[in-house]
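Thanks for sending this one over.

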Amino acid sequence: MKLVTAIIKPHKLDDVKASLGEVGVAGMTVSEVRGFGRQRGHTETYRGAEYTVDFVPKVRVEVVVDDGDAAKVVEAIAGAARTDKIGDGKVWVTPVESITRIRTGEAGADAL
Amino acid sequence: MDYQGDHAWILTSSALVLFMTPGLAFFYGGMVRSKNMLGMLMQNFFSMGLISVIWGVVGFSLAFGNFGDGGLLGDFEFAWMRDLFDPSSGARPALDMIYQATFAIITPALITGAIADRMRFSAWVWFLGLWSILVYSPVAHWVFGGGWMAKMGALDFAGGAVVHINAGAAALAAVIILGKRKGWPKTAMPPHMLPWTLLGAGILWFGWFGFNAGSAGLANGQAVQAFVNTNMAAAAAMLGWLAVERLKDGHATTLGAASGAVAGLVAITPCAGFVSGMSPFYIGAAAGVICYLAIQLKFKLQYDDSLDVVGVHLVGGLVGSLLLGFFADDVVNALGQYAAVDGVFTGGGWGLFKDQAVASFATFGYSFAMSAIILLGLKAVLPKGIRVTEDEEDQGLDLTQHAEVSYALGDMGSMARE
């Protein structure tokens, strides 16, 4: 099994969710995070004093999938989150050692 | 019973002005970091508790006792709430006492914006009480109580000097003695919730009608004039501030709109019942522009006036008090109980301006010096001093001074009863 983690622009979350649904992903975890890559941050002005804000709001999407599904899930996320502008984010895949459904105790692919 | 209308208006105004203090708390609270929100609210809110008691027991009498003596301080004729409920006047002294109590409450509360995020609460309690007795009551007597400034001929309709120059001078002394916030100005300390600030500014604007129009003392034409002038000055100042901000920084900000309106309300305070026609627009617009420029000074001069009490209240109060020397109009003055007098632009010569300058700088000097003495005294006497420790400053005033947090929004905290 693989953990697919994506950092995306917050306003693309609904598109990503829909796109994951289309490729058969049944569940996901999202969290509001802050960060920056090449996009860097923005400036804010309060009573004439300028502040540079490096960490900008992003959304992290996490999905655990079967080994064979990882590639198409990555594609689904990247396709839906892409705006062709700087700051679209990243998606990466890491191996998962085990997974257990807490309610039933099912393990492995059955727990997905 | 011909006082019924007047009583109704002044009672209403008292409630309006009292509401300004929580409004001010939220105006300031939105501008501090979230870990200091309750600390800011409490410094303001507490003033309604402590100052109400002090004012009833002795403060009102020190300010308004021996009314019209042309001197420096009242006496004890109304101390311990004595002789307030005179039946023949419909308890007029009690009405004056409660109306003026709301001014006594908000004036020291204005200082909290300058000392944000770093004063020990117990030190604030001591400072608040001592300042009210040693600074506010005497200065209020000088003008509102018929003291030496009133006798000289200086005008202050609702507190340009008594409230704003007075609090602004104290704020300047306080930031010099207390020192900068840890990390200022390198560390960014942006506002944590500007919607609170806009809400607070709206409450201040609303309450200011009681502050200025109530200062007519009667439900008369001068109250109407003051009411209208108050609104128009706030409006013009908002536009003035936003225009210069848009030119200089590229954006019209919500904080600028709120700050500009407050600067205009400050500047029209001494003038409200004494000017007419287009004057409130000129006074307001001048305040909006000048106060915006004044708040940039703290970075050059390196004093951490955290929320710009000096730039808005001291400078705005000076703008209003001095411009009154130009714009005062005896036609409006005559609507009320004051001696009719004109300013420079209305054919009255420089006499009033000179009196306004003397009153403004005397208020500044006395308040600055006495506030410094009180703070240095407290610093020497209080076992823990007047400032929180560096560690407490890092953790914030909410937790270290009040053992509470402002925003417990999530369910994730693990909380157990001791």
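1. Ground rules. This is a predicted model, in which local features need pLDDT of at least 70, side-chain atom pairs count only at pLDDT 80 or more, and totals for chains, interfaces and linings use all residues. Residues are numbered from 1 along each chain as its sequence is written, while chains are lettered from A and ligands numbered from 1 in the order in which they are written.

2. Confidence. The model has an ipTM of 0.84 and a pTM of 0.93.

3. Strands in chain A. Helices (H or I, at least four residues) and strands (E, at least two) are DSSP runs, numbered from the N terminus. Strand β1 (residues 2-8) of chain A pairs antiparallel with β5 (residues 56-65) of chain A over seven bridges; pairing requires that DSSP finds at least two bridges between the strands. Within that pairing, A:Ile8 has A:Val59 as its bridge partner in β5(A). β1(A) is also joined to β6(A) by seven bridges, again running antiparallel, and here A:Lys2 stands opposite A:Pro95.

4. Helix α2 of chain A. Twelve residues (70-81) make up α2(A), and the helix reaches 16 Å from its first C-alpha to its last, close to the 16 Å expected at 1.5 Å a residue (1.5 Å times one less than its number of residues). Which residues of α2(A) are buried? They are A:Val73, A:Ala76, A:Ile77 and A:Ala81, where buried means 20 or more other C-beta atoms within 10 Å, exposed 12 or fewer, and partly exposed in between, with C-beta atoms placed from the backbone. Seen down the axis of α2(A), these buried residues fall within an arc of 110°, so they line one face of the helix; the arc is that of the directions from the helix axis to the C-beta atoms. They pack against β1, α1 (13-22), β5 and β6 of chain A.

5. A:Arg101. This residue sits in the segment after β6 (89-95) of chain A. A:Arg101 is exposed, because 12 other C-beta atoms lie within 10 Å. Leaving aside neighbours within four places in sequence, A:Arg101 is in contact (C-beta atoms, placed from the backbone, within 7 Å) with A:Glu106 and A:Ala111.

6. Between the chains. Chain B gives 13 residues to the contact and chain A gives six. On the chain B side, α8 (221-249) and α9 (254-268) each supply at least two residues, and the largest share, three residues, comes from α8(B).

How values were computed:
Contact = placed C-beta atoms within 7 Å.
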